[in-house]
Amino acid sequence: MSDYPFLKACRGEATEFTPVWLMRQAGRYLPQYMAVRSKCTFLELCKTPELAAEVTIQPIDYLGADAAILFSDILTPVEPMGLKLDFVPGPVFESPVRSMADVDALRIPDPEEGVPYVMETLRILRRAFEGRVPLIGFGGAPFTLACYMVEGKGSKDFAHIKKMMYAAPDVYTALMDKITEMDRLYLNAQVKAGAQAIQIFDTWGGIVSPTDYEKFVLPYTKKLIDGLDRSVPVIHFVKGAGTMLDLVNRAGSDVVGLDWHVNLGKARDILGPKIGVQGNLDPTVLYAPHAHIEREVKRILDENAGRPGHIFNLGHGILPNVPPENAKFMVECVHRLSGR
Ligand code: 1CP
């Protein structure tokens, strides 16, 4: 089933309409999700394949999105490395990684043993979706995973990870090497379990200067992508990287994710005709009246100007309290306005 519009667009082939899905399309804005989530914790949900599969399917049924994304978190595979993880609701590591001894203590488990529930969820989903929508697996980019592992939680200034980068480069390098290897095994195991595309989320890749991105972030993402099973397309999303798309492109993905700080047409000119793009609607637009949502969808489609290799998406995850019907209307607009 390689002729799903989403997969064709990933490969740069022409499609009858522009495929669309939403980052974080399963989640708190959907009452169906809250009904399942009210009976267990977020981690229990991720670790129970039948429930994780159920909430993955919800936005496909409701929104009519053209691709499904595994329900999990970028941090689930970090827990079996030996770091106790909690969500409150953002992720928290009890003992952050700060020294070489901390790095040495991290394990690189076989994904089928470390995160069997992720692999089982993918197998259930592949059976459930066959002939309907393709299934996206995902992971965090090494740098974004390192941000959480070193800070211990989200951060505004990321002082701990930057301090490690600048003042203890040997510790930073050892940590990044270990995370990159874990990620490579994890994502390849997802492909083996049924993922038909892989998305790499580098949510914090844009917090460093272009010079530091090239030195401290890019080499690891590139090494990761070079080591992936390329029988499936790879999407690489770096938030806040609009000024360094040439560097992001060097990591070697098939598709580059775009946030909303960059003009899609200009981004495509920088990336070149062989690279697909995914994005780039400002997520807050889903709070706007329908007429405004429709104008913004049209503007982005116009910026793409019919070039093949465009996947419509938000520029970052869907926000809480978005009216579900606005998300559904957005998907409808993309299909209606791009139909050719
Ligand atoms: O209580 C709850 O229900 C938990 C909320 C929640 C959910 C629904 C978290 C905690 N993670 C998720 C699911 C999730 N996370 C998906 C699901 C698949 C989908 O429908 O798209 C995905 C792809 C992620 C990936 C993820 N987690 C990223 C990368 C993408 C992004 O949004 O930037 C990041 C940075 C995380 C960390 C994380 N997990 C949860 C929260 C609230 C956060 C963000 C914390 C922060 O801002 O630092």
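P109 touches P80, M81 and G114, leaving aside residues up to four places away in sequence; contact means heavy atoms within 4.5 Å. The model is predicted: local features need pLDDT of at least 70, side-chain atom pairs count only at pLDDT 80 or more, and totals for chains, interfaces and linings use all residues. Residues are numbered from 1 along each chain as its sequence is written, and side-chain values use heavy atoms, with hydrogens and water left out.

**Setting of P109**

- P109 sits in the loop between α5 (100–104) and α6 (111–114). Helices are DSSP runs of H or I with at least four residues, numbered from the N terminus.
- P109 is partly exposed, at 21% relative accessible area. That class lies between buried (under 20%) and exposed (over 50%), using a 1.4 Å probe and protein chains only.
- P77 is 32 residues from P109 along the chain, and their C-alpha atoms are 9.0 Å apart.

**Cavities**

- The structure holds two cavities of 30 Å³ or more. A cavity is a set of points, on a 1 Å grid over the protein atoms alone, where a 1.4 Å probe fits but cannot get out. Lining residues have an atom within 4 Å of a point.
- The largest cavity has about 60 Å³ of space. Grid points are joined across faces, edges and corners, and a volume is the space filled by probe spheres set on the points.
- By class, the lining of the largest cavity has seven nonpolar residues, one polar and one charged. Nonpolar covers Ala, Val, Leu, Ile, Met, Phe, Trp, Tyr, Cys and Pro; charged covers Asp, Glu, Lys and Arg; the others, Gly among them, are polar.
- The second largest cavity has about 30 Å³ of space. Its lining is V238, A241, G242, L245, G257, L258, D259 and V262. Five of these are nonpolar, two polar and one charged.

**Largest pocket**

- The largest pocket has a volume of about 1,000 Å³. A pocket is an open set of grid points with protein on both sides within 12 Å along at least five of seven lines.
- This pocket is lined by 34 residues, of which R24, A26, F42, D73 and I318 are the closest to its centre.
- α2 (31–37) and α8 (142–151) are the elements that give two or more residues to the pocket lining.
- The pocket lining has 21 nonpolar, nine polar and four charged residues.
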